[in-house]
Amino acid sequence: MKKLLFNCTLLSDVVISSTASTEGFNKSLDYISGSKFLGMVASRLYEVRNKEQTLDLFHRGVVCFGDAHYCHNGERALKMPLDWVIEKGAKVEDGLYLSHAFDAEKRDSHRQQGIQYKQVREGYFLPKAEGWFLLNQDFHLKSAYDSEKRKAKYSQMFGYYSLPAGSVWQFEVFDVTGNYAEIIKTNLDGTKRIGKSKNAEFGLAEIKCIAVNECPANIQTLALGIHLLYAASNLIFYDSHGFSTSKPTINQLLGLSSDVSVEGQLVWGKSSVKTRNYQTWNQHRQVKDFDKLIIEKGSVFTIKLDETVTFNDSMRIGSHLSEGFGEIILNPDFLKAKKNSTQPDLHLSKIELKVNTYLVKTEHKDASKIALVLNMLSRRQAQTKLENKVDRFVNEFISKEGSKFKGRVSSSQWGSIRSYAKGMPNKTAFHDMVFDENNGYLYKGVAEEKWRGLREVLKDFVKNKFSEKTTEEQEYLSFFEKLANEMAKEKS
């Protein structure tokens, strides 16, 4: 089995919602789920024709895309175990106790002394650095968009909590066969889009593989007695009827087949488990999948074995392993209680996170792409200048000469001028069609009488404003088109 280690640097704020809903309040996740990285690879490699590869990468659990947690000084953080408790009114750094280590006598003794405990439910910790932190998220207030009226909807405000730009997140991808490591690396490395509002200002991230290691199976024998199972990621289990459940069997927690008989039990009284509904949106099918009940990361199960059991410590348990579920740690050091001691079992120092503002650097590797963008911006700037100049001339004409045309030139006459300006290929053709003294529109028919004396006013204004040498075709024709449009409004 191969393990690929990736760093994910956020180039902009990233919104990771805990539900697939788009309206109302949605709680934001404080991690990036493995399904996001699976989706990146699936968008390129999901092919029905290549059946075996598709099933291995995205369905069978042969390849497992892990969740990305905040990375501090190169160490990936873990969710605070729900087994950790502190005295009410105290801080985490004052000392942590292990809930499963409390016996009935100790609880009664503390209760009589007025000592109460509360569960630590928020935050992450660093096992090696022996520190903990709270991940602060930025809040953005937005308004819903009315696509029919093309404006913001009234009374439709909502907020986003986002992971901060500049932060570094770390995740692992496990390849059981070792055959897909290079494919995964190729399709994940680079600048990607993650989460909600990817087409707006959120979701830009840079992913880079920093290590590819062989990860041999770690088979060990679990002795009789108590064993603790820490959920490093979310877990999903299904019962015999096919429904997701919050009460897994001891066989499911140990990754054993239901046919295997295990002498032991799951001690619920000394376990700390938290559940929630899990909603997903399938981008390929453009539909929401059915809701599932999941066991949240940080949960701790206490198992009592009455016989020895063989256990693969590098294995994941449960279902939906490809999406990052099922990562566990057996009997970790941070869940070991002190014996014969009334002092806290653990002491962690609080870490104040400082996220550096990340500046997106343009790499000049492909000069043709950069030149294409610069040319587009240059053309857009020139178009804006042209429109401003034409608008200024139109407003000046209406202000100085507009009153002379009122009551004489009808809206339909201006409409004809507008049609000629819009349909002629260049200014020479337009001038011949409108201002030619023999066959021009303003010199014949009904228009000749209405425009008598006024066509000279228009010709003189245009001659003064538009030079024969410097005036562009678009600028000249655009002036007549906009002028005719505005003068028709003045007439009506």
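**Ground rules.** I am working on a predicted model, where local features need pLDDT of at least 70, side-chain atom pairs count only at pLDDT 80 or more, and totals for chains, interfaces and linings use all residues. Residues are numbered from 1 along each chain as its sequence is written, and side-chain values use heavy atoms, with hydrogens and water left out.

I looked up the second largest pocket and noted a volume of about 1200 Å³. A pocket here is an open set of points on a 1 Å grid over the protein atoms alone, where a 1.4 Å probe fits, with protein on both sides within 12 Å along at least five of seven lines; lining residues have an atom within 4 Å of a point. The volume is the space filled by probe spheres set on the points, which are joined across faces, edges and corners. I found 38 lining residues, with L78, E172, E327, I328 and I329 nearest the centre. They divide into 22 nonpolar, six polar and 10 charged (Ala, Val, Leu, Ile, Met, Phe, Trp, Tyr, Cys and Pro are nonpolar, Asp, Glu, Lys and Arg charged, the others, Gly among them, polar). Strands supplying at least two lining residues each include β4 (75-76) and β27 (328-330); strands are DSSP runs of E, at least two residues, and helices runs of H or I, at least four, numbered from the N terminus.

**Salt bridges.** My search of the whole structure gave 17, each a side-chain nitrogen of Lys or Arg within 4 Å of a carboxyl oxygen of Asp or Glu. E327 turned up again, paired with R76 at 3.8 Å, N to O. R76 is in strand β4 and E327 in the loop between β26 (309-312) and β27, so this bridge ties together parts 251 residues apart in sequence. Both residues are buried (under 20% relative accessible area; exposed is over 50%, partly exposed in between, with a 1.4 Å probe and protein chains only).

I then checked D391 and K482, which meet at 3.0 Å, N to O. D391 sits in helix α6 and K482 in helix α11, so the pair links parts 91 residues apart in sequence. D391 is partly exposed at 33%, and K482 likewise at 27%.

E448 and R452 bridge at 2.7 Å. Bridges with shared partners join E448, R452, R455 and E456 into one network.

**Loop.** I also visited P216, in the loop between β15 (204-214) and β16 (219-222); it is exposed, at 63% relative accessibility.
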